[in-house]
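Here are a few friendly notes to read alongside the model. Please keep the structure open as you go through the points.

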Amino acid sequence: EMSKSLELPFYAKGLVVAGFGRGSKQLGIPTANYPDDVVTSLPDTIPCGIYYGWAMVERGPVYKMVLSIGWNPVYQNEKRSMETHILHVFPEDFYGCQLSVCMVGYIRNEMNFTSTGQSITLLLW
């Protein structure tokens with residue numbers, strides 16, 4: 001089973017960079033994106049998929065989060081990404097701020113959806 005072979009918890013941190021602009025604009029689900037160097041430094045024991053855990057921006061409060069690592073097949077990305085959705089409403093964007101995450105569990109594999117509506121339905125379920 002996948003969850004038994006993972007080395008969790010896993011910690012990552014890096015400065016938040018601008019993503020593709022799809023999380024907030026197309027899905028209504030804002031995500032904080034890590035730069036390529038954080039994504040490419042992930043160990044092989046952390047496969048693509050959806051994870052849950054905790055997130056902190058700068059030295060602020062700790063919030064629940066879900067995190068996607070993968071290629072976003074519905075968008076046919078050419079490089080792997082690491083996008084965090086923090087379960088908190090922030091008053092403004094925090095590009096350039098340090099985001100620290102602790103991934104404590106694995107939810108599922110990355111999936112290819114036929115539409116963005118289908119992905120929203122799964123996220124909200």
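1. A term to begin with: a residue is buried when its relative accessible area is under 20%, exposed when that area is over 50%, and partly exposed in between, using a 1.4 Å probe and protein chains only. By that rule, Phe90 counts as partly exposed, with 26% relative accessibility. Of the 125 residues in the protein chain, 38% are buried.

2. A word on the source: this is a predicted model, in which local features need pLDDT of at least 70 and side-chain atom pairs count only at pLDDT 80 or more, while totals for chains, interfaces and linings use all residues. Residues are numbered from 1 along each chain as its sequence is written, and side-chain values use heavy atoms, leaving out hydrogens and water.

3. How is the chain built? The protein chain has four helices and six strands (DSSP runs numbered from the N terminus: H or I of at least four residues for helices, E of at least two for strands). Their order along the sequence is α-β-α-β-α-β-β-β-β-α.

4. Now the aromatic rings, where Phe, Tyr and Trp (its six-membered ring) pair if their centres lie within 6.5 Å; planes under 30 degrees apart are stacked, over 60 edge-to-face, and the rest tilted. The structure holds three such pairs. One of them, Tyr63 with Phe90, is edge-to-face, at 5.7 Å centre to centre and 85 degrees between the planes. Tyr63 sits in strand β4 (residues 62-70) and Phe90 in the loop between β5 (81-86) and β6 (98-108), so this pair ties together parts 27 residues apart in sequence. Tyr63, Phe90 and Phe94 form one aromatic cluster.
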